[in-house]
Amino acid sequence: MDEAIIDLNNLCFRWKKSGNILLDIPKFQLKQNEHVFLQGPSGCGKSTLLSLVGGILISESGSLKVLGQEIWDLSRSGRDAFRVDHIGFIFQLFNLLPYLSIEENVMLPLSFSSIRSNRAGKTKLDRLNEAQRLIKSLGLEEEQAEKRPVIELSVGQQQRVAAARALIGNPELIIADEPTSSLDTELRHSFLDLLFEECKKSGSTLLFVSHDSTLSDNFKTKSSMDELNIIN
Amino acid sequence: MLNILVRSLWNRRGTAMLTIFSIVISVTLLLGVEKIRKGVRASFSSAVSGTDIIVGARGGQLQLLLYSIFRIGNAPNNLSWESYREFSNNRRVRWTIPFSLGDSHRGYRVLGTNQDYFKYFRYGNKKKLEFSKGKSFYEVFDTVIGSEVAKNLNYQLNEEIIVSHGTGKKSFLQHDDRPFKITGILRPTGTPVDQTVHVSLEGITAMHVDWESGAPPMEGESLSLEEVLKLDLQPEEITSFLIGLKSKIHAFQIQRRINSYMEEPLSAILPGVALQELWNILRTAETGLRVITWFVLFAGLLGMITALLSGLNERRREMAILRSVGAGPVTISFLLIFESTVLTLTGIIFGIIFLYIALIVSQPILETYFGLFVSVDFLSLQDMILLVGIVFAGMLMGLIPAIKAYRQSLADGMTVRI
């Protein structure tokens, strides 16, 4: 199985028609089940690239296929639906909606995607069980998970809940944008291990983006924005 | 999705409640003003409900209506007893009630009339006057007082009161040599009757019998009570009189005959027509009041936009998260329109509840102190239309933050630079 999850060719991106070109990436590929580390200093356009892959931004030239689908051919609402159906996101900070419970936060994508909802479980109870399983396997105590509002969780715990949300319903692609930057070193590695394990279990491809090159040892495939983006 | 919306709103309940509160106030005000406006009209109409024609000396119809029924202002002139007799004997006339005005008691108007007043006068929904205590006047110096006079001045039966000459609150000329005894107190009516001191026409004559051209008699020239009572106290003049017809069909015919009466210049008015003129005058004030309440509502809705707009910045993260799990910018902006609609609707519901509580509480107060009867009934169709309009206005107002949220979530995407 070497079907490309992401297949990007000759991407050229700038914010405004008259502006400077920010990204010029001749080629970037992500194969199925790969765990890729993409390194780059802050401000180099990593997040912009992720927004492009997520279908939030579109580029004026080039081609970007995600799961074989030319993503810019889709309508805007089509891209929104495609995003939730096939991609799970984890961000650096503030991943959770403070007014929802931990389970509700984890199950949030399911209410936007029937594909992932069906994969997570046939009934509501099944889906809840799946959410609880993920929470547990990502190392959150169940009693903690049930009782406490999400804002009282530590940052490390919040990131695990965010990871569970990205993973639920087994999306083909997990995009993690600096998910460990606010964690201390020890937590970083245990978080990564759990993330790898769950990605393997669900057969998800992982694109891990960070400025911190010390993390790259954990990954087999590495790449850096400097190499990809010929503008810099 | 609905769950997210409700929980998100609940998370910001402090601001949301303030917003709702300002809408509650404006809705209550808007509906309340409308209720009071109707109440005012109803009270005015109520005071003349059984009367077909009002007759007075020649003058404006509104003036006649105001001084004879509402005890506001003074009559320009009197009319003769002969004219009154002439028309009260007309074959089309079922009853007449003579009114003699011009004196007062501690700010309350004194009305000279006869027993027909208690027999024929109707108010509200064709209701008869009733006594809460005592009975009608039979002696010359008997008086029947309205419920409010009794309550505010704390008068009991058989107490004696002094009538002042003229209608000012502080009159220097007192009819203090001829006190009146309270023989009856009327039940509240919500009309000017409550604020009236009723005496017989003979009582009015008796008070003024030895006066000359509006001045009290010289010392030593005034008559004693016994002397007065021996005189013929039939009045020579009265101020106005009310007519009840056997059939309303003849109202215009009788009115025309009175207006063209050769013996004396008289004015006959139809209360409904005169009230209409009153409404026309009051309309400006009503409009002013309504404009103010509209502005209050506008301010309330504006407050809502302000709250939503200023909340948007804090909610960028929330929207970015929703974007990352597949919510489109349209969904995000829909969220805000829905929110403003929910806020407006809640405000309206509580506004209605608040209005009814306020009405129930204030109804007795308004009735006793202002003679204003505000009915606690269901909302009129007009009110409903108004409320639906407010909901739409609320939705429309939500559009402004919604558009901003739409742009913002397009620009931010899933990442927020805080």
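I began with burial, for which a residue is buried if 20 or more other C-beta atoms lie within 10 Å of its own, exposed if 12 or fewer, and partly exposed in between, with C-beta atoms placed from the backbone. I note that this is a predicted model, in which local features need pLDDT of at least 70 and side-chain atom pairs count only at pLDDT 80 or more, while totals for chains, interfaces and linings use all residues. Residues are numbered from 1 along each chain as its sequence is written, and chains are lettered from A and ligands numbered from 1 in the order in which they are written.

**Entry 1**

I looked up Thr331(B) and found its place in helix H12 (residues 329-370) of chain B, where helices (H or I, at least four residues) and strands (E, at least two) are DSSP runs numbered from the N terminus. Thr331(B) counts as partly exposed because it has 18 C-beta neighbours inside 10 Å.

I then turned to Thr143(B), which sits in strand S8 (residues 142-145) of chain B and is buried, with 25 other C-beta atoms within 10 Å. With neighbours within four places in sequence left aside, the contacts of Thr143(B) include Phe137(B), Ile161(B), Phe180(B), Ile182(B), Val197(B) and Val199(B). Thr143(B) and Leu282(B) are 139 residues apart in sequence, and their C-alpha atoms are 34 Å apart in space.

**Entry 2: chain A overall**

I counted nine helices and nine strands in chain A, and 45% of its 232 residues count as buried. For 232 residues, a compact globule would have a radius of gyration near 17 Å, and chain A agrees, with 17 Å; the radius is taken over C-alpha atoms, and the globule rule is 2.2 Å times the number of residues to the power 0.38. The C-alpha trace of chain A spans about 55 × 40 × 35 Å along its principal axes. Of the contacts in chain A between residues at least 6 apart in sequence, 74% join residues at least 24 apart.

**Entry 3: strands of chain A**

I took two strands to pair if DSSP finds at least two bridges between them. S3(A) pairs in the parallel sense with strand S8 (residues 205-210) of chain A over five bridges, and Phe37(A) stands opposite Phe208(A) in that strand. S3(A) also runs parallel to strand S9 (residues 221-224) of chain A, joined to it by four bridges, and the bridge partner of Gln39(A) in S9(A) is Ser224(A).

I next traced an open sheet of four strands in chain A, in the order S2-S1-S4-S5, with antiparallel pairing. Strand S2 (23-31) and strand S5 (69-70) of chain A stand at its edges, and because each has a single partner strand, one side of each is left without a neighbour in the sheet. Strand S4 (residues 61-66) of chain A and S5(A) run antiparallel and are joined by two bridges, and Lys65(A) has Glu70(A) as its bridge partner in S5(A).

**Entry 4: nonpolar cores**

I took a nonpolar core to be a set of buried Ala, Val, Leu, Ile, Met, Phe, Trp, Tyr and Cys residues joined through C-beta atoms within 7 Å. The largest has 98 residues, and Val106(A), Ile135(A), Ala164(A), Ile168(A), Ile175(A) and Leu207(A) touch the most other members. Apart from this core lies another of 57 residues, among them Val48(B), Phe180(B), Leu270(B) and Ala274(B). I also looked up Ile168(A), whose contacts, neighbours within four places in sequence left aside, include Val106(A), Met107(A), Arg116(A), Glu130(A) and Leu134(A).

**Entry 5: domains and the chain interface**

Chain B is divided into domain 1 (2-44 + 284-412) and domain 2 (53-269), with bounds that come from an automatic or database domain assignment. The centres of these two domains of chain B, taken over C-alpha atoms, are separated by 51 Å. Five residues of domain 1 of chain B are in contact with six residues of domain 2 of chain B, and the side belonging to domain 1 has one nonpolar, three polar and one charged residue. For these classes, Ala, Val, Leu, Ile, Met, Phe, Trp, Tyr, Cys and Pro count as nonpolar, Asp, Glu, Lys and Arg as charged, and the others, Gly among them, as polar.

Between the chains, I found 17 residues of chain B in contact with 23 residues of chain A. Helix H1 (2-11) and helix H11 (316-324) of chain B each supply at least two residues of the side of chain B that touches chain A, and the largest share of that side, five residues, comes from H11(B). By class, the side of chain B that touches chain A has six nonpolar, seven polar and four charged residues.

Terms used: Contact = placed C-beta atoms within 7 Å.
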